[in-house]
Amino acid sequence: MKFLKFLLIGIFFGIVLVKSEAVSWYRIYEMFRFQSFHMYGIIGTAIASGILFLQISKKGYIKSIKGASIFVPKKDNGFIRYIIGGTIFGLGWALVGVCPGPMYILLGTGVYSMLIVIAAALLGTFIYGVLKDKLPH
Amino acid sequence: MEYILNPWPWYISGPLIAIVMALLLYFGKTFGMSSNLKTLCTIGGAGKFSDFFRFNWKDQVWNLVVVLGAVIGGFIATHYLSNDAVTDLNPQTISELQNMGFQNAGATLVPNEVFSLDTLNTKSLILLIVGGLLVGFGTRYAGGCTSGHAITGLSSLQKPSLIAVIGFFIGGLIMANLLLPLIF
């Protein structure tokens, strides 16, 4: 039962990303060609709503289920890893049109070739883990 | 019912994604979909090769449950909540893609030319593998993906996430504008 809420959140997330067309390869292509406002609208309103939520919770009006403050972990400082890692991810994002959430969601919609993408993404993650200490961060 | 079956507008979808982030924070977790790739590597025994994968993966099971839910959500959305509406793409996008050899742009979520297992050829197989490698390696190097950096990181006004998102766009713009026309 402990995990039921996470299953429901995942189901909700999957439905929203399909219905918003954010899992569409074409929408990602269109975004990077600046030919549509659609994806910018989704990401923009998600961030605006997120900022609103976090600012309200910061003032203490919203607590977590355990009564503690809402906590967002701080990202490590750095520049190189974010710009290079981000660029590498962006190249893949525009090529296969998916980030790590949509690759699973698309599998659910019946795009079974996503299993190849997911397997390759696991391998990519593994390669990073092995090379980590040799890479600039 | 038509409102549900038709594609949802961006101004509804964006806030709903923020609700996913808010719910996870409410339950004491963080919204970051790429973490599950690391967890799956650990479960597969990657800890033998790097201490990066040596952590107690049982603490991350909730994350895998979210992933399982996402798969189910994708199934429910296409089978019960859709009317097969064609994605309302910019006509210019459609004609550009036609010139690159993509037929029926927007009729499906992904182009069959690359993703269909029936017509899978060496080229599309390589593209799927290279794309997956870049996504897996890049997200881990950058410490997050769209959900972790663009949504959670920017919502909490973190500078590293802004740098990462700028990186996402550098890579995406290079791929969509320079490399894809060369590939297709």
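This report describes a predicted model with its chains A and B, taken chain by chain and then by selected helices and residues.

## Chain A overall

Chain A contains six helices and zero strands. Read from the N terminus, its elements follow the order α-α-α-α-α-α. The C-alpha trace of chain A extends about 40 × 40 × 40 Å along its principal axes.

Of the 137 residues in chain A, 58% are buried. The accessible surface of chain A is about 5,700 Å², and carbon and sulfur atoms account for 69% of that area. Among contacts in chain A with a separation of 6 or more, 35% are between residues 24 or more positions apart. The chain carries 14 positive and 4 negative side chains, and the centres of these two sets are 11 Å apart.

## Chain B overall

Chain B has nine helices and zero strands, in the order α-α-α-α-α-α-α-α-α along the sequence. Its C-alpha trace spans about 50 × 45 × 35 Å along the principal axes.

Buried residues form 52% of the 184 residues in chain B. About 8,300 Å² of chain B is accessible surface, with 64% of it belonging to carbon and sulfur atoms. For residue pairs at least 6 apart in sequence, 47% of the contacts in chain B join residues at least 24 apart. Chain B has 8 positive and 8 negative charges, and their mean positions lie 23 Å apart.

## Helix H1 of chain A

Helix H1 of chain A covers residues 4-19. After H1(A) comes Glu21(A), which has a positive phi near 70 degrees. Most residues other than glycine have a negative phi.

Buried residues in H1(A) include Phe6(A), Ile9(A), Gly10(A), Ile11(A) and Phe13(A). Gly14(A), Ile15(A), Val16(A), Leu17(A), Val18(A) and Lys19(A) are also buried. The cover over the buried residues of H1(A) comes from both chains: it includes helix H5 (102-109) of chain A, and helix H1 (2-5), helix H2 (10-26) and helix H4 (61-80) of chain B.

## Ile42(A) in helix H3

Ile42(A) sits in helix H3 of chain A. Its relative accessibility is 2%, and therefore Ile42(A) counts as buried, the cut-off being under 20%.

Setting aside neighbours within four places in sequence, Ile42(A) contacts Ser20(A) and Ala22(A) in chain A, and Trp10(B), Ser13(B), Gly14(B) and Ile17(B) in chain B. Ser20(A) is 22 residues from Ile42(A) in sequence, while the two C-alpha atoms are 8.0 Å apart in space.

## The loop between H2 and H3 of chain A

Ser36(A) lies in the loop that joins helix H2 (25-32) to helix H3 (38-58) of chain A. Its side chain makes a polar contact of 3.4 Å with the side chain of Glu30(A). The Ser36(A) side chain also reaches the backbone nitrogen of His38(A), at 3.0 Å. Apart from neighbours within four places in sequence, Ser36(A) is in contact with Arg27(A) and Glu30(A).

Phe34(A) belongs to this loop between H2 and H3 as well. Its phi is near 55 degrees, a positive value in a residue other than glycine. Phe34(A) has 56% relative accessibility and so counts as exposed, for which the cut-off is over 50%.

Helix H7 of chain B runs over residues 122-142. Its 21 residues, at 1.5 Å each, should span 30 Å; the end C-alpha atoms are 30 Å apart, so the two values agree. At the N-terminal end, Asn121(B) caps H7(B), with a side-chain oxygen 3.2 Å from the backbone nitrogen of Lys123(B). Following H7(B) is Gly143(B), with a positive phi near 70 degrees.

Asn104(B) is placed in the loop between helix H5 (91-99) and helix H6 (112-115) of chain B. Its phi is positive, near 55 degrees, and the residue is not glycine. At 57% relative accessibility, Asn104(B) counts as exposed.

Technical notes:
Residues numbered from 1 in each chain as written. Chains lettered and ligands numbered in written order. Predicted model: local features only at pLDDT ≥ 70, side-chain atom pairs only at ≥ 80, totals over all residues. Heavy atoms only, no water. Helix = DSSP H or I, 4+ residues; strand = E, 2+ residues; numbered from the N terminus. Buried < 20%, exposed > 50% of the residue type's maximum accessible area, 1.4 Å probe, protein only. Contact = heavy atoms within 4.5 Å. Areas by Shrake-Rupley, 256 points an atom, 1.4 Å probe, with all protein chains shown as cover. Lys, Arg positive; Asp, Glu negative; His and termini not counted. Charge placed at Lys NZ, Arg CZ, Asp CG, Glu CD. Expected span 1.5 Å × (residues − 1). Polar contact = N/O pair within 3.5 Å; in protein donor to acceptor, adjacent residues only side chain to side chain.
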